[in-house]
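Please consult the sequence and the model shown here.

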Amino acid sequence: MTEANEDLSKPVLIGRSSSHFTRIVRIFADELRVDYDFQVLRDMLSPRPEDYGGNPALKIPVLRTSRGSWFGALNICRELWRQSNHKQRIVWPEDLGEPVLANAQELVLQSMATEVTLVMSRVGGAGDGGVHQDKMRQSLGNMVGWLNANAASFCAALPEERDLSFLEVSLFCLATHLEFREVLPMAPYTALTEFCQRFGARPSCAGTSFRFDT
Ligand SMILES: N[C@@H](CCC(=O)N[C@@H](CS)C(=O)NCC(=O)O)C(=O)O
C-alpha cells in the first residue's frame with residue numbers, strides 16, 4: 001500500500017523493540033487499550049527523515065495517524081490518551097508540582113537521552129573513549145544514583161488516585177534499558193531494582209520486553 005492511499009484508521013507506531021522511548025509508548029498504548037500497527041525502523045543510522053515518519057530529528061518513536069505524525073514519546077502518549085476510550089487517570093510531567101517529582105522526571109529523561117548518545121556512539125563506531133564520553137558516563141552514574149536515593153520519596157509523592165504516571169513508565173523503561181544495553185549494571189541500585197520488579201509486574205510491561213528486532 002502506498003503512502004497516498006494508506007489506511008491510517010489504526011495508528012502506525014514507528015520504533016524499535018530495543019528502544020526505551022518506544023517502550024514508553026507501547027506501555028501507554030497497552031494501558032490505554034489503543035491498538036496500533038508496529039513498523040520497525042530497520043536502519044538506526046538512516047539519514048532519511050522519511051524513514052522516521054517525517055521526523056527531521058531522525059529519532060524514534062513516531063506515531064503516524066490520520067491527523068498527521070506525532071514526534072516523540074510524550075507527544076505520542078498524549079495522543080494515545082486522546083484516542084483512548086479507556087480514560088485512565090494519568091499523571092503527566094506538568095502535574096509534578098514538587099521539586100523531588102519534577103527533578104526526578106527531568107533526570108529520567110536526561111538519563112535516557114545521555115544513554116542514547118552513549119549507545120549511538122557505540123553503534124556508529126565512534127568508540128567508548130574521550131573526555132566527553134567520560135563526562136557523560138559520570139553524569140549518567142550521578143543521575144541514576146540520585147534517582148535511586150530519591151525513589152522512595154518521589155514514588156510516595158505521586159498522587160495516590162492515579163492509574164499511571166509518565167514518570168513511573170519512563171523510569172521503568174530507563175532502568176531496564178540500562179541493564180539490557182549493558183550501559184550500567186543495575187544491581188547496586190536496589191531501590192530502582194525493587195521499583196522495576198514491582199512496576200514490571202503489570203501486563204503492559206511484561207508484554208513489551210526489550211529485544212532486538214530481526
Ligand atoms: N525526544 C525523543 C527522543 C527519542 C530518542 O532519542 N530515540 C532514540 C531511540 S530510543 C533514537 O531515535 N536514537 C537514534 C539516534 O539518536 O540517532 C523522545 O522523547 O521520544
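How many bridges join β1 to strand β2, and in which sense do the two run? 4 bridges join β1 to β2 (residues 37-40), and the strands run parallel. The model is predicted: local features need pLDDT of at least 70 and side-chain atom pairs count only at pLDDT 80 or more, whereas totals for chains, interfaces and linings use all residues. Residues are numbered from 1 along each chain as its sequence is written, and side-chain values use heavy atoms, with hydrogens and water left out.

- Helices (H or I, at least four residues) and strands (E, at least two) are DSSP runs, numbered from the N terminus; two strands pair if DSSP finds at least two bridges between them.
- In β1 (residues 12-15), V12 and I14 point one way and L13 and G15 the other way.
- All four of these residues are buried, that is, under 20% relative accessible area, with exposed over 50% and partly exposed in between (1.4 Å probe, protein chains only).
- In a regular strand the side chains alternate between the two faces of the sheet.
- L13 stands opposite F38 in β2.
- From β1 the chain passes through α1 to β2 in a right-handed β-α-β crossover; with the strands pointing away from the viewer, the path from the first strand over the helix to the second runs clockwise.
- Strand β3 (residues 62-65) pairs with β1 in the antiparallel sense over 3 bridges, and L63 in β3 stands opposite L13.

**Nonpolar cores**

- A nonpolar core is a set of buried Ala, Val, Leu, Ile, Met, Phe, Trp, Tyr and Cys residues joined through side-chain atoms within 4.5 Å.
- The largest such core has 54 residues, and those with the most contacts inside it are I24, F28, L80, L147 and F154.
- The elements giving two or more residues to this core include α1 (20-32), α3 (99-123) and α5 (166-180); the largest share, 9 residues, comes from α5.
- Domain 1 (12-83) and domain 2 (90-206) both give residues to this core, so it lies between them; the domain bounds come from an automatic or database domain assignment.
- Apart from this core lies another, of 5 residues, among them L41, Y52, I60 and V62.

**Position N148**

- N148 lies in helix α4 (residues 131-157) and counts as buried because its relative accessibility is 16%.
- Not counting residues up to four places away in sequence, N148 touches Y189, T190, A191 and L192, where contact means heavy atoms within 4.5 Å.
- N148 and L192 are 44 residues apart in sequence and 5.5 Å apart in space, C-alpha to C-alpha.
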